[in-house]
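Student: I am new to this model and would like to find my way around it. Could we go through it together, one question at a time?

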Amino acid sequence: MNEDATREDARPAVTGEDRLPGDPTREEMIARMIRVDHAGEYGAKRIYDGQLAVLGRSAAAPAIRAMAEAEQAHLDAFDNLLVERRVRPTALSPVWHVAGYALGAASALLGERAAMACTVAVEEVIEQHYAGQARRLGEDEAGLRQTLEEFGADEARHRETGLAHGAERAPGYEALSAALKRGTRLAIWLSERI
Ligand SMILES: [Fe+2]
Ligand SMILES: [Fe+2]
């Protein structure tokens with residue numbers, strides 16, 4: 001609680017005012033945010049597509065389909081933001097196209113619970129990522145901040161869905177989860193830069 005209050009206080013009044021010498025400019029910072037979020041939503045959509053290719057007729061299919069639809073809505077919003085803000089998409093889109101789908105399909109082949117473990121790990125990292133971004137936006141970017149907060153809440157719900165579907169009972173859950181979180185953080189780091 002205390003920690004949250006501190007973070008709330010730390011939010012800049014104007015986006016970028018707290019940046020240090022050598023940090024990206026305000027415009028670069030926002031462009032990076034939109035670029036990485038667009039990539040992330042694209043990757044998320046591909047993960048759920050890959051899972052549905054394997055689990056499309058399983059008991060988990062309706063839940064996975066609902067998450068895929070939410071990711072599509074998130075992706076559409078960032079598609080619009082790319083155009084509005086004149087941000088180039090990541091050059092890694094073809095990589096996330098393949099890697100997202102492969103991750104989704106591979107996790108699903110390990111079983112429903114492993115697929116849900118993938119959801120929990122990835123969504124947890126993305127939720128934290130959105131929260132971190134939202135904290136760096138000032139009142140001048142209140143609209144974008146609200147979008148990130150709404151999407152972050154959706155990702156938290158996806159994580160809950162994964163947990164409700166027995167993610168933690170997947171074989172090798174801890175190792176799988178740790179590897180997936182590392183992979184997701186690496187994908188975020190790369191998409192911000194390339
Ligand atoms: Fe999303
Ligand atoms: Fe999600």
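Tutor: Gladly! Helices (H or I, at least four residues) and strands (E, at least two) are DSSP runs, numbered from the N terminus. The model is predicted, so to speak of local features we need pLDDT of at least 70, side-chain atom pairs count only at pLDDT 80 or more, and totals for chains, interfaces and linings use all residues. Residues are numbered from 1 along each chain as its sequence is written, chains are lettered from A and ligands numbered from 1 in the order in which they are written, and side-chain values use heavy atoms, without hydrogens and water.

Student: Which protein atoms are the donors of the iron ion (ligand 1)?
Tutor: Donors are N, O and S atoms within 2.8 Å of the metal (3.2 Å for Na, K and Ca), and sites may look incomplete without water. Along the chain, the donors of this iron ion follow the spacing E-x29-E-x2-H-x80-E. At 2.0 to 2.6 Å from the iron ion (ligand 1) we find Glu41 (OE), Glu41 (OE), Glu71 (OE), His74 (ND1) and Glu155 (OE).

Student: Glutamate 41 and histidine 74 link distant parts of the chain. How many residues apart are they?
Tutor: Glutamate 41 belongs to helix α2, while histidine 74 belongs to helix α3 (residues 61–84).

Student: Are glutamate 41 and histidine 74 buried or exposed?
Tutor: Buried means under 20% relative accessible area, exposed over 50%, partly exposed in between (1.4 Å probe, protein chains only). Glutamate 41 and histidine 74 are both buried.

Student: What are the protein donors of the iron ion (ligand 2)?
Tutor: The spacing of its donor residues in sequence is E-x51-E-x31-E-x2-H. Lying 1.9 to 2.5 Å from the iron ion (ligand 2) are Glu71 (OE), Glu123 (OE), Glu123 (OE), Glu155 (OE) and His158 (ND1).

Student: How far apart do the iron ion (ligand 1) and the iron ion (ligand 2) lie?
Tutor: Glutamate 71 bridges the iron ion (ligand 1) and the iron ion (ligand 2). The distance between these two ions is 3.7 Å.

Student: Why does the pair of glutamate 123 and histidine 158 tie together separate parts of the sequence?
Tutor: Glutamate 123 is buried at a relative accessible area of 1%, and histidine 158 is buried at 7%. The pair ties parts of the chain together because glutamate 123 sits in helix α5 (residues 112–135) and histidine 158 in helix α6 (residues 142–164), at a sequence separation of 35 residues.

Student: What is the volume of the largest pocket?
Tutor: On a 1 Å grid over the protein atoms alone, a cavity is a set of points where a 1.4 Å probe fits but cannot get out, a pocket is an open set with protein on both sides within 12 Å along at least five of seven lines, and lining residues have an atom within 4 Å of a point. Grid points are joined across faces, edges and corners, and a volume is the space filled by probe spheres set on the points. For the largest pocket it comes to about 400 Å³.

Student: Of the residues that line the largest pocket, which are the closest to its centre?
Tutor: The lining has 23 residues. The closest to the centre are Gly43, Ile47, Gly183, Thr184 and Ala187.

Student: Which helix gives the most to the lining of the largest pocket?
Tutor: At least two lining residues come from each of α2 (26–55), α4 (93–109), α5 and α7 (173–193). With eight residues, the helix that gives the most is α2.

Student: Which residues line the largest cavity?
Tutor: The search of the whole structure finds one cavity of 30 Å³ or more, and the largest cavity holds about 40 Å³ of space. The largest share of its lining, four residues, comes from α5. The lining residues are Ala44, Ile47, Tyr48, Cys118, Thr119, Val122 and Glu123.

Student: In α7, which residues are buried and within what arc do they fall?
Tutor: The buried residues of α7 are Tyr173, Ser177, Leu180, Lys181, Thr184, Ile188, Ser191 and Glu192. Seen down the helix axis, they line one face of α7 because they fall within an arc (that of the directions from the axis to the C-beta atoms) of 105 degrees.

Student: What value does phi of arginine 86 have?
Tutor: Arginine 86 is placed in the loop between α3 and α4, and at 78% relative accessibility it counts as exposed. Most residues other than glycine have a negative phi. Arginine 86 has a positive one, near 55 degrees.
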